Amino acid sequence: MLRPPVVESVMKLWSTWNIRGLIILSLLVQSFLILFAPLRRQRGNKWIVVSIWLTYLLADWVATFTIGLMGRAEVSDILAFWAPFLLLHLGGPDTITSFSLEDNELWLRHLLGLMLQIGSTVYVILQSLSGKKLWLPTLLVLIAGIIKYAERNYAFYLASFDHFKEPATGIIKNLLVGPLVHAQVRYTNREVIKEKGSKEVLLKLETELSLLYEALHTKLPVVCSKIGYVFRPISFGCIFGALLSFGLIPNHYHQLGKFEIWLTYGLLIGAITLDFISIGFLIFSDFNLALGKIPIPVSKIVAWIKNKRRWSRRIPQCNFITCFVNDRPYWLNKLADFLHMRNILDAIKISRYLSSRDFTEEVWHFILEEVKRKAEFAATVEQGIKISSKRGDGILDSNKEHRRLIWSVKDLDYSKSLLTWHFATDLCFHDEDDGSTSNNMDGHLINYKAISKLLSDYMLYLMEMQPGMMSTVSLDWKDVHKQSCDDVKCFFNSPSILDGKYFSRAILQLGPDSGDFLFKFPFYRGAKRYPILHYHANKLAHQLKGFHGGSHGIPWKLMSQVWVEIMCHAAINCKPNVHAQQPSKGGELITLVWLLMNHLGIGTQFASPETKSEDIISGDDTNADDVRLEVTSDDFRAGRERNRFKNAALLVMQQRQRQRQQANIEKSQNLI
């Protein structure tokens with residue numbers, strides 16, 4: 001069968017350049033990953049993360065596919081020499097071994113892949129190398145490739161939760177895999193954090209999260225081990241020896257074209273260059289600094305490591321009115337429902353209105369001082385557990401006048417309470433009568449109004465865009481979200497013209513009295529629920545505006561304190577493995593807060609005095625600045641079972657709380 005000339009030309013081009021082109025692509029992909037993979041934790045930009053993810057997937061596919069092509073092609077001497085380089089590339093760069101935690105759990109599958117790829121590469125080599133001149137450099141690169149690929153698989157193994165044994169600073173590893181932390185370790189960590197300033201505490205927490213990232217997603221646990229100290233020089237020596245042996249072979253023995261020779265040198269020099277970059281990555285890593293491998297006199301290196309960027313330092317923002325009121329056409333929603341693409345369209349719509357703010361020293365200092373203040377009442381493990389259950393009612397219950405607002409927390413479940421405070425913050429933020437909002441705290445000028453707005457929009461972002469982090473506290477968020485959208489659209493005839501001030505004036509004109517509300521909205525009379533925006537948030541905003549008789553303006557400091565407590569409750573109830581995923585995505589403020597709370601003894605993973613000794617970590621010989629915890633798989637399974645029990649108990653408590661809240665609402669409606 002005759003083919004068109006264009007098809008013939010394409011097939012001829014492919015048969016000539018397929019293996020060569022794919023080898024070049026494989027080298028370029030490795031170079032991209034080793035240089036840009038660290039950016040995903042430093043920037044958190046979604047396009048950077050997606051690019052790294054696609055490249056990560058492409059790297060393995062290209063190398064595996066090329067080895068398969070070589071097995072089917074007529075293998076020449078030089079192709080057999082190139083085959084081990086693909087094994088070297090399958091080992092991947094030191095800067096990224098796994099893209100997600102799930103990759104680490106599949107270490108056994110990767111081990112099987114290692115054996116199959118080694119077998120395929122050896123098969124390709126044996127097809128052409130008997131008695132040839134390139135057998136020595138080929139053998140050397142094969143040894144280096146096997147070592148690199150084995151290093152990657154060992155990194156998967158060490159980073160899986162069943163075998164997570166590499167040293168990590170602080171208590172972070174124990175929070176992930178158990179067992180419970182001893183009371184003495186808790187006490188020591190509390191005292192260390194209390195004595196440090198805000199910058200020192202932030203550096204400590206950021207470093208611990210950076211160590212977690214490097215332990216879970218890079219080769220550093222392998223390279224910095226005894227095995228790494230033995231095999232990494234062997235690997236480098238093999239590549240360098242292959243370069244020398246290839247260069248010493250006379251050109252007439254090669255019987256190669258100039259392109260093949262230059263490509264071979266490119267592969268050899270590229271492999272050596274990537275190794276040198278890996279050495280630099282090792283020297284400037286937090287993992288290496290924590291292990292004390294950097295000499296003390298090298299002060300500039302240490303200072304650079306301490307000041308480097310370890311996460312995005314951005315706080316995402318999402319405002320309910322801006323993101324969700326302006327809806328799509330009715331027919332488009334119907335089409336999306338028919339195609340089961342409603343969630344995709346919602347995500348695209350929300351991404352258009354998302355923004356982010358800088359993580360500033362002012363914000364961190366305020367959060368740190370608030371969590372420290374809470375920690376003063378957490379001297380015992382039981383007190384720490386009790387304080388971690390507060391979600392705004394802790395600060396509101398501390399003052400007689402503040403107790404007027406406690407209904408907004410205790411009478412509503414977490415989702416409705418958060419949305420009520422989000423709406424109320426917006427109403428107060430855009431109120432024209434608001435006055436000055438800045439105060440001095442320990443030499444820091446704190447803008448409580450800005451912090452309240454920042455945390456309000458951040459918590460809504462977590463509810464919408466990070467449901468995995470909020471799932472344990474917001475089981476009914478989808479229903480609450482849909483009801484609130486419907487309520488807002490029913491109230492405003494033209495939602496597309498909404499802005500902050502117009503929205504605030506329109507809602508605040510309703511008045512705070514429930515009788516007035518039912519008079520203006522009679523269709524809610526006898527209903528099982530009142531709308532969050534028109535009723536609960538409106539009532540809360542009027543109460544906030546009326547504090548101290550309305551003479552001192554809106555109590556923004558109180559509102560910012562409530563928002564910190566709302567965030568702390570979500571942080572401590574989020575599953576530890578979900579927190580562990582965040583450093584690879586650019587990091588989250590709520591993960592920093594979670595780690596801070598645990599350092600200050602506020603949480604549920606600490607051993608009480610009556611806890612059995614086998615379920616805790618001893619405080620003997622423990623340095624609070626460098627707590628290195630070793631756990632076994634049995635410890636991990638025991639800790640996991642305790643976490644499951646705690647989650648089940650939490651669900652039961654939340655269900656009972658909702659039932660009590662529903663009963664209180666029905667009583668109040670009967671009184672009305």
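Patches are made of residues with over 30% relative accessible area and no salt bridge, with like charges joined within 9 Å and nonpolar side chains (Val, Leu, Ile, Met, Phe, Trp, Tyr) joined within 5 Å. A salt bridge, in turn, is a side-chain nitrogen of Lys or Arg within 4 Å of a carboxyl oxygen of Asp or Glu. Under these terms, W135, L136, L139, I143, I227, V230, F231 and I234 make a nonpolar surface patch of about 680 Å². Two elements, α7 and α12 (226-248), each give two or more residues to the nonpolar patch. With a relative accessible area of 40%, L139 is partly exposed; buried means under 20%, exposed over 50%, and partly exposed in between (1.4 Å probe, protein chains only).

The model is a predicted one, in which local features need pLDDT of at least 70 and side-chain atom pairs count only at pLDDT 80 or more, while totals for chains, interfaces and linings use all residues. Residues are numbered from 1 along each chain as its sequence is written, and side-chain values use heavy atoms, with hydrogens and water left out. The average pLDDT of the protein (the predictor's confidence in each residue, from 0 to 100) is 80, and 77% of the residues score at least 70. Residues 617-646 have a pLDDT below 50, and this stretch has 56 contacts in the model beyond near neighbours in sequence; contact means heavy atoms within 4.5 Å. Residues 667-672 also fall below 50, with seven contacts beyond near neighbours in sequence. Where pLDDT is low, the predicted coordinates should not be read in detail.

Turning to the overall fold, the secondary structure comes to 34 helices and six strands, taken as DSSP runs (H or I, at least four residues, for helices; E, at least two, for strands) and numbered from the N terminus. Of the 672 residues in the protein, 52% are buried. Among contacts with a separation of 6 or more, 81% join residues 24 or more positions apart. The protein exposes about 31300 Å², of which carbon and sulfur atoms supply 60%; these areas come from the Shrake-Rupley method with a 1.4 Å probe, and for residues only the protein chains shown count as cover.

The interior holds nonpolar cores, each a set of buried Ala, Val, Leu, Ile, Met, Phe, Trp, Tyr and Cys residues joined through side-chain atoms within 4.5 Å. The largest has 112 residues, and W421 and M459 have the most contacts inside it. Helix α31 (residues 556-573) gives the most to this core, with 12 residues. Leaving aside neighbours within four places in sequence, M459 touches Y414, L418, M470, W563, I566, M567 and A570. A second, separate core has 42 residues, including L69, L79, A144 and C238.

Charged pairs come next. A search of the whole structure finds 20 salt bridges. In one of them, D275 and K148 meet through their side chains at 2.6 Å, N to O. This pair links distant parts of the chain, with D275 in helix α14 (residues 258-283) and K148 in helix α7 (residues 135-159), 127 residues apart. D275 counts as buried because its relative accessibility is 4%, and K148 is likewise buried, with a relative accessible area of 6%. K219 forms a salt bridge with E151, the closest N and O atoms being 3.8 Å apart. K219 lies in the loop between α10 (198-217) and α11 (220-223) and E151 in helix α7, so the pair ties together parts that are 68 residues apart in sequence. K219 is buried at 0% relative accessible area, and E151 is buried at 5%. A network of salt bridges links D94, E151, K219 and R232. In a further salt bridge, the side chains of D426 and K453 meet at 2.4 Å, N to O. Because D426 lies in helix α24 (residues 414-429) and K453 in helix α25 (residues 448-465), the pair ties together parts that are 27 residues apart in sequence. Both D426 and K453 are buried.

S312 is found in the loop between α16 (299-307) and β2 (314-317), and counts as buried at 5% relative accessibility. Leaving aside neighbours within four places in sequence, S312 contacts R41, Q42, R43, G44, G586 and G587. L354 lies in the loop between α19 (342-353) and β3 (355-358), and is partly exposed at 26% relative accessibility.
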